[in-house]
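Hello,

Here is the model I promised to pass on. Please open it beside this message and read the two together.

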Amino acid sequence: MKGFLVLLAALLTLTGCGAWDDGDASAFAPGEEERLTVYTSHKAEVYGPIVREFEERTGIWVQVETGGTAELLERIAGEGEDTPCDLLFGGGVDSLSACADLFESYESPRAAGLDPSHRCAGGSWTAFSVLPVVLIYNPVLVRMNPPEGWSSLLDPAWRGRIAFTSPAVSGSSYTALATLLQALPQGDGDVLSAFFDNLQGRALPDSGAVVGAVADGTCVIGITLEETARKAVQAGSDIAILYPQEGTSAIPDGMAVVAGCAHRENARRFIDFALEEDVQRFLVRVCLRRPVLGEPLEELRLINYDLDWAANAREDLLARWRALEEGAAE
């Protein structure tokens, strides 16, 4: 682990944790058997050090392409047999399960140590870290009667002041939406439409913009991942973290080998590497994430998140969301 952190410090100084732009360095690239193409929705500060360490240990040359989870899934599907992607790294496993036909089964030897709730029966994805969904608010602007939970997102008092990214763009936003729909009773009307209406047309371009919108007062409450919120608090942002009183979800994000990919064994080696103990400790100490190995979640109030429902309902829910967006734009 010490060596990993020393390498991380050097990479932060030299590269800012960005993806390697090989440019003219392609002449030094290894042969096909030592290559790997990764599509990732992770931020650079997460994937950068991990990719670099993997390259250092294995000698495999990694090409990284970034984007939102939904965008990357659509890209892989659209590219079909011609996709250069070998491994999808990141994205809630509900989104990955919904697109299981894009991936092939792989059971990592290290996955045997995972909690059964964090394992995929069909092997189409492997859990990487655990990501509770939280609410945040601006404590400077909201000094009295702060939001309490998911029901607050339907309160007219916050109309037009909620920071949220379209679930058609962001996998974490889809998980948040599915959590909202499972946490609140559905007997009082169409919760999805009521929530969309309370956004008043405000949908941020990517999930990374949520914290900034709340911190600068553009919005006053928002929905994000615990990891993102904790990093913002550590950096001094004017936000407070709220764990919804109804409970929340804490599902893993995942890794998945693309069906028919050109570098199958290298993709599998990356999954094995990502489950190594030092990589999982790195998630805790540096990324402020909850590892998928070795950390209980007893202190969290969790809903009984139905992963199968979230995966099976994804296409319908996104279609309904897009219809609402189109209706609002008319």
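First, the ground rules. This is a predicted model, in which local features need pLDDT of at least 70 and side-chain atom pairs count only at pLDDT 80 or more, while totals for chains, interfaces and linings use all residues. Residues are numbered from 1 along each chain as its sequence is written, and side-chain values use heavy atoms, with hydrogens and water left out.

**The chain as a whole**

The protein chain has 11 helices and 9 strands; these are DSSP runs numbered from the N terminus, helices being H or I with at least four residues and strands E with at least two. Of its 330 residues, 53% count as buried, where buried means under 20% relative accessible area, exposed means over 50%, and partly exposed is in between (1.4 Å probe, protein chains only). The chain exposes about 14400 Å², with carbon and sulfur atoms supplying 49% of that area (Shrake-Rupley method, 1.4 Å probe; for residues, only the protein chains shown count as cover). Among contacts in the chain with a separation of 6 or more, 81% are between residues 24 or more positions apart; contact means heavy atoms within 4.5 Å.

**Helix packing**

How do helices H5 and H11 cross? The axes of H5 (residues 171-183) and H11 come within 11 Å and cross at roughly 100°. Axes here are lines fitted to C-alpha atoms, for helices over the stretch in contact, and angles run from 0 to 180 degrees between N-to-C directions. H5 and H11 are therefore roughly perpendicular to each other; angles under 35 degrees count as roughly parallel, over 145 as roughly antiparallel, 65 to 115 as roughly perpendicular and the rest as oblique. On the H5 side the contact includes Tyr 174, Leu 177 and Leu 181, and on the H11 side Trp 309, Leu 317 and Trp 321 are among the residues involved.

Helix H6 (residues 191-199) also packs on H11 (residues 307-329), with axes that come within 11 Å and cross at roughly 40°. That makes H6 oblique to H11. The crossing of H6 and H11 is right-handed: a crossing is left-handed if the near helix is turned anticlockwise from the far one by less than a right angle, and right-handed if clockwise. Phe 195, Phe 196 and Leu 199 are among the H6 residues in this contact, and the H11 residues they meet include Leu 317, Trp 321 and Leu 324.

A further pair is H2 and H9 (residues 264-274), which pack at an angle of about 115° with their axes 11 Å apart. H2 and H9 are therefore roughly perpendicular to each other, and H2 passes H9 in a right-handed crossing. The H2 residues here include Ile 50, Phe 54 and Arg 57, and those of H9 include Phe 270 and Phe 273.

Helix H8 (residues 226-234) has several buried residues, among them Glu 226, Glu 227 and Lys 231. The buried residues of H8 pack against H2 (44-58), S4 (126-137), H7 (209-215), S6 (221-225), S7 and S9 (290-291). Gly 236 follows H8 and has a positive phi, near 95°.

**Cysteines**

How many disulfides does the whole structure hold? The search finds 0, a disulfide being a pair of cysteine sulfur atoms within 2.5 Å. Cys 261 is in no disulfide, and the nearest cysteine sulfur, that of Cys 85, is 8.0 Å away. Cys 261 is buried at 9% relative accessibility, and Cys 120 is buried with a relative accessible area of 14%.

**Residues in loops**

Gly 247 sits in the loop between S7 (240-242) and S8 (250-257) and counts as buried, at 0% relative accessibility. Beyond its neighbours within four places in sequence, Gly 247 is in contact with Trp 150, Arg 301 and Ile 303. Gly 247 and Trp 150 are 97 residues apart along the chain, with their C-alpha atoms separated by 8.6 Å.

His 118, in the loop between H4 (93-98) and S4, is buried with a relative accessible area of 11%. Not counting residues up to four places away in sequence, His 118 touches residues including Trp 125, Pro 252 and Val 292.

Most residues other than glycine have a negative phi. Gln 200, in the loop between H6 and H7, has a positive phi of about 55°. Leu 288 has a positive phi near 60°; Leu 288 lies in the loop between H10 (277-285) and S9 and is buried, with a relative accessible area of 11%.

Best wishes
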